[in-house]
Amino acid sequence: MRLIIKIAFSLLILYSCDPAPKVIVSNTEKLADSTFDDHSYSNLKEIRTTHLDLELDVSFQNKTIYGVARHTMLNTGVDTAIFDTKGLKIQKITIGEKNNERETDFVIGNMDKDSVLGQPLLVSIDKKTTKINIYYQTTENSEALGWLDSNLTSSKTKPFLFTQGQAILTRTWIPLQDSPSNRITYTSTVKVPQDLMAVMSARNVKTPNNNGIYKFEMTKAIPSYLISLAVGELDYHAFSKNSGVYCEPELMKACEKEFDDIPKMIAAAERLYGKYQWEQYDILVLPYSFPFGGMENPMLTFVNPTVITGDKSLVSVVAHELAHSWSGNLVTNRTWNDFWLNEGFTVYFEERIMEEIYGKEVSDILASIEFYDLQNELRIINKSRFPEDSRLFLELNKRNPDDGMTAIAYVKGAFFLKTLEQKVGRIKFDQFINAYFKKFQFQTINSSTFISFLENKLLTPNKIKFNHKEWIYKEGLPKNCIEIRSNRLDRMKDLALNYSKGIDVFLPKVKYRYVKIKGKRKKRKFIEKINRNDFIVQEWQTFIHALPKQFSKKKLKQLDKYFSFKTCGNSEIMTDWFVLGIRNNYTELNPEIEKFLSKVGRRKYILPIYEALKINESTSEFAKKIFKKNSGNYHAVSRNSITELLAN
Ligand code: BES
Ligand code: ZN
């Protein structure tokens, strides 16, 4: 590697006095092999950032952030520091304390073949250098950034900006060593238009400033993918001393109601796995184009507004992101191959929180729905080019780490822990998980560290034999995986089965009941009818999943007449319903589908809808038309997935 850097530098053009820097691009493909994190170019073992100070100027007019990233480094005595960048313009790099800086040389390497990792940035330094300042600006290729024109917000009057760092997008808005194996603290000063407010994954103010300048501090060391920023018109409502919600003013009333169990969730999580370590737990409800349901940015979880349903039926997303405050943010996956350590633990933990607050029946219902997703995913992965992706520990080198974002990490991971819990008993298991969080807090760990800890602290001392290595390193689902049953969901399956056999189980029935009026018994007629609100979302999802894949349009229409799934406002139900409808040529849904795809940008919903539309020629044209109209409104994460889908 040294040789490559030397060659690169020998090609370097000095431009300290050149106002329009010429950047030399060198062949640095091999650089990726030299680090243990396949998804970062940085030479972390030689030199690493310990603190980052950001100076950011956010221009909505140019859809550009102008920044300085001031890195404080721990240098083992090397003369080159390597950072990750993608879609950034680097203006100049200096070394030394602020205002006592001197410019230094740098080289930007080639983009990797598949444009996943971006470009390494090699900076020439001294063996004693500890301060590196990178002056840069973002571009339209800065994929982390979601710039929303005002028509895409609730207010329709103010624009919005949010960032999405996970997995390797932080490098598209900040030049840094973008590997989850390194933890850093950060501070920042952010300048935004005066009528907007800035918030970050850090300590935040609760009311807007009048000068548009915001200062932030994250005093606990976090991995780079958790650095995040949002700018928009925001209000704040506190649920308790240390929790609350930021959102656009129009959404506040709904948010106050939907999320008021957050203090209970925090208390439940603390009872389970120890003190909440991040001072404050706020959530930020973003506009609809946020590509995920939730993102666990520390101190400030980002949430998609589709979670607001009016009946708290999707608040498990918040329980999930809160759980990441332990699994993920305290104990972090060292590489993206260990992603299951973040998500599997978090799904397990999420369901424990849900069980504490809403009872075992509810958490079992959630687990059953997830298990259904897992079975589908296993079928898809088995038939794919990468059947090895059904292992918990992944080998994603040369691939996009987002390929690991499947039900394997989430659900197989959680069922591994549930199965283990059942084997050792909840008391011992909870002690073990508590010890795990304590031992590895503010560290990054990989799967083998976990295995040693599991063997030494739980299995060996209790003389328990368990097939944990099969779970982690082998494909598919081990035979001892526990089974979760839910009577309520079984009932929905029965309803679906009978309905599909032609029995109209939902036909309103005329019934009679005796009531006492003025002491006299009287017979009264009433209509017995099943309403949509008689069942929770997950029950309806189970019902829809249990309908035959080939189903008559007439029956679909009748179900819509009873329950208006197509306009019910709950995106989980609507997505499943649209997919079933598309498969069965139920074209009356098209206007609703178009409306949905024009409003919502959450990948989990829009991808399966586009996928279903793509199958037939006629609907595929419809999909392309809608995508063309809306692709500019989606975040790059969703847009890229759909571009890829429609291209193949
Ligand atoms: N950290 C993830 C989101 C993520 C993972 C973003 C990988 C980018 C790469 C977050 O915690 C998450 O899992 N969100 C889920 C919600 C959840 C309830 C399963 C989502 O957005 O669907
Ligand atoms: Zn998660």
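Reader: Where is the place of S564?

Author: In this predicted model, S564 sits in the loop between α13 (553-563) and α14 (571-583).

Reader: Why is S564 called partly exposed?

Author: Its relative accessibility is 29%. Buried means under 20% and exposed means over 50%, so S564, at 29%, counts as partly exposed.

Reader: What makes the phi of S564 worth a remark?

Author: The phi of S564 is positive, about 35°, although S564 is not a glycine. Most residues other than glycine have a negative phi. S115 has a positive phi too, of about 55°, and is not a glycine either. S115 is found in the loop between β7 (106-109) and β8 (119-124). With a relative accessible area of 35%, S115 is partly exposed.

Reader: How do you know that the peptide bond between Q166 and A167 is cis?

Author: Its omega is about 0°. Most peptide bonds are trans. A167 belongs to the loop between β11 (160-163) and β12, and Q166 is among the residues that come nearest to ligand 1.

Reader: What makes the approach of E296 to ligand 1 a polar contact?

Author: A polar side-chain atom of E296 is 2.6 Å from a nitrogen atom of the ligand. The cut-off is a pair of N or O atoms within 3.5 Å, so the E296 pair qualifies. G293 also qualifies, because a backbone N or O atom of G293 lies 2.6 Å from an oxygen atom of ligand 1. H324 brings a polar side-chain atom to 2.9 Å from a ligand oxygen. On its own, ligand 1 has 520 Å² of accessible area, and the protein covers 90% of that.

Reader: Which element gives the most to the shell around ligand 1?

Author: That is α4, with three residues. The elements giving two or more are β19 (294-295), α4 (316-323) and α5 (339-358).

Reader: Why is α5 described as largely enclosed?

Author: Of its 20 residues, 17 are buried, so the rest of the structure largely encloses α5. The cut-off for buried is under 20% relative accessible area. From first C-alpha to last, α5 reaches 28 Å, close to the 28 Å expected at 1.5 Å a residue. Just after α5, G359 has a positive phi of about 100°.

Conventions
Residues are numbered from 1 along each chain as its sequence is written. Chains are lettered from A and ligands numbered from 1 in the order in which they are written. This is a predicted model: local features need pLDDT of at least 70, side-chain atom pairs count only at pLDDT 80 or more; totals for chains, interfaces and linings use all residues. Side-chain values use heavy atoms; hydrogens and water are left out. A residue is near a molecule or strand if one of its heavy atoms lies within 4 Å of it. A polar contact is a pair of N or O atoms within 3.5 Å; within protein, one must be able to donate a hydrogen and the other to accept it, and residues adjacent in sequence count only if both atoms are side-chain atoms. Accessible areas come from the Shrake-Rupley method with a 1.4 Å probe; for residues, only the protein chains shown count as cover. Helices (H or I, at least four residues) and strands (E, at least two) are DSSP runs, numbered from the N terminus. The expected span of a helix is 1.5 Å times one less than its number of residues. Buried means under 20% relative accessible area, exposed over 50%, partly exposed in between (1.4 Å probe, protein chains only).
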